[in-house]
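Me: Got a structure I'd like to go through with you. Can we take it a piece at a time?

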Amino acid sequence: MNLFPLYNSLRIALISTFFTFFIGIFLAYQIKKLNPTIKGILDVVLTLPLVLPPTVVGFFLLKTLGPNNSIGQFFGSINVSLVMRWYSAIFATIIVTFPLMYRTSRGAFEAFDMNLKYAGQTLGKTNTWIFWRIILPNCKKEILAGLILAFARALGEYGATSMVSGYIPNKTATISTTVYQLWRIGQDGLAYKWVFINVAISFVVLIFLNLLENKEEKYANL
């Protein structure tokens with residue numbers, strides 16, 4: 001059994017989750033400080049990938065990064081292709097998982113007790129220090145939940161991924177695209193094995209999330 005789809009899915013999920021984490025918390029923290037009208041508009045725009053069909057996201061990515069468009073032509077001129085490569089799926093998974101990280105972080109930041117921030121300012125601490133040492137630790141439960149959900153979503157992403165990176169054995173294949181390919185050619189037995197692997201990983205991730213939440217509730221009740 002070739003384990004490349006598992007390796008590829010994990011590296012795509014890990015890399016995209018890394019970027020989603022930092023982009024998500026940065027935009028969530030900055031946008032929460034805007035006036036309600038602008039904040040509402042940006043919320044709609046940034047959350048849109050959560051409700052759009054993944055194939056629509058993949059379509060827009062192809063139209064943006066494909067070789068017939070300016071961005072794709074620019075990278076093509078330096079012999080870099082942005083589509084039908086394993087890393088193409090990273091673009092797709094970042095967009096698809098971003099709303100999960102953004103929305104959970106926004107909710108956490110809005111529930112944060114601003115008196116803690118003001119106390120840090122009176123002690124002469126910089127805003128950067130306050131964010132990383134006061135705000136983020138106090139919002140860690142919700143942010144970690146968003147991080148875990150984003151990883152799980154990235155691991156199982158299919159629609160957008162299949163459009164921008166396709167299915168090339170040992171090059172772009174992921175667990176999800178492998179399951180579809182195996183089903184398409186009638187190898188249901190092997191497809192079931194990959195389904196079981198995906199379910200097992202997702203199960204472990206969600207168990208970890210529940211343990212994390214239970215631990216936080218336990219400390220909160222002490």
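Predicted model: local features only at pLDDT ≥ 70, side-chain atom pairs only at ≥ 80, totals over all residues.

Me: What does the C-alpha trace span along its principal axes?
Reply: About 65 × 45 × 30 Å.

Me: And what share of the residues count as buried?
Reply: Of 222 residues, 39% count as buried. As for contacts between residues at least 6 apart in sequence, 73% join residues at least 24 apart.

Me: Pockets next. What volume does the largest pocket have?
Reply: About 190 Å³.

Me: Which residues line the largest pocket?
Reply: The lining is F22, I25, F26, Y29, Q30, K33, K117, N127, T128, F131 and W132. Two elements give two or more residues to this lining: helix 1 (4–31) and helix 7 (127–138). Helix 1 provides the largest share, 5 residues.

Me: How do the lining residues of that pocket divide into nonpolar, polar and charged?
Reply: The pocket lining has 6 nonpolar, 3 polar and 2 charged residues.

Me: What lines the largest cavity?
Reply: S9, I12, A89, T93, A154, L155, E157, T161 and T174. Helix 1, helix 5 and helix 8 (140–155) each supply at least two of the lining residues. By class, the cavity lining is 4 nonpolar, 4 polar and 1 charged.

Me: Switching to helix 8. Which of its residues are buried?
Reply: I143, A145, G146, I148, A150, F151, A154 and L155 are the buried residues of helix 8.

Me: What span should helix 8 have at 1.5 Å a residue?
Reply: Its 16 residues should span 22 Å. The end C-alpha atoms are 22 Å apart, which agrees.

Me: And helix 3, what should that span?
Reply: Helix 3 covers residues 54–65, and those 12 residues should span 16 Å. The end C-alpha atoms are 16 Å apart, so that agrees too.

Me: Which residues are buried in helix 3?
Reply: V57, G58, L61 and L65. Seen down the helix axis, the buried residues of helix 3 fall within an arc of 100 degrees, so they line one face.

Me: Why would residues a few places apart point the same way?
Reply: An α-helix has 3.6 residues a turn, so residues three or four places apart point the same way.

Me: OK. What covers the buried residues of helix 3?
Reply: The cover includes helix 4 (70–77), helix 5 (88–111) and helix 9 (159–165).

Me: Why does F91 count as partly exposed?
Reply: Its relative accessibility is 30%. Buried means under 20% and exposed over 50%, so F91 falls in between.

Me: What does F91 contact, leaving aside neighbours within four places in sequence?
Reply: L61, L65 and L82. Of those, L61 and L65 are buried residues of helix 3.

Me: How far is its C-alpha atom from that of I12?
Reply: The C-alpha atoms of F91 and I12 are separated by 9.4 Å. Along the chain, F91 and I12 are 79 residues apart.

Notes:
Residues numbered from 1 in each chain as written. Heavy atoms only, no water. 1 Å grid on protein atoms, 1.4 Å probe; cavity = no way out; pocket = protein on both sides within 12 Å on 5 of 7 lines; lining within 4 Å. Points joined across faces, edges and corners; volume = space filled by probe spheres on them. Helix = DSSP H or I, 4+ residues; strand = E, 2+ residues; numbered from the N terminus. Nonpolar A, V, L, I, M, F, W, Y, C, P; charged D, E, K, R; others polar. Expected span 1.5 Å × (residues − 1). Buried < 20%, exposed > 50% of the residue type's maximum accessible area, 1.4 Å probe, protein only. Arc of directions from axis to C-beta. Contact = heavy atoms within 4.5 Å.
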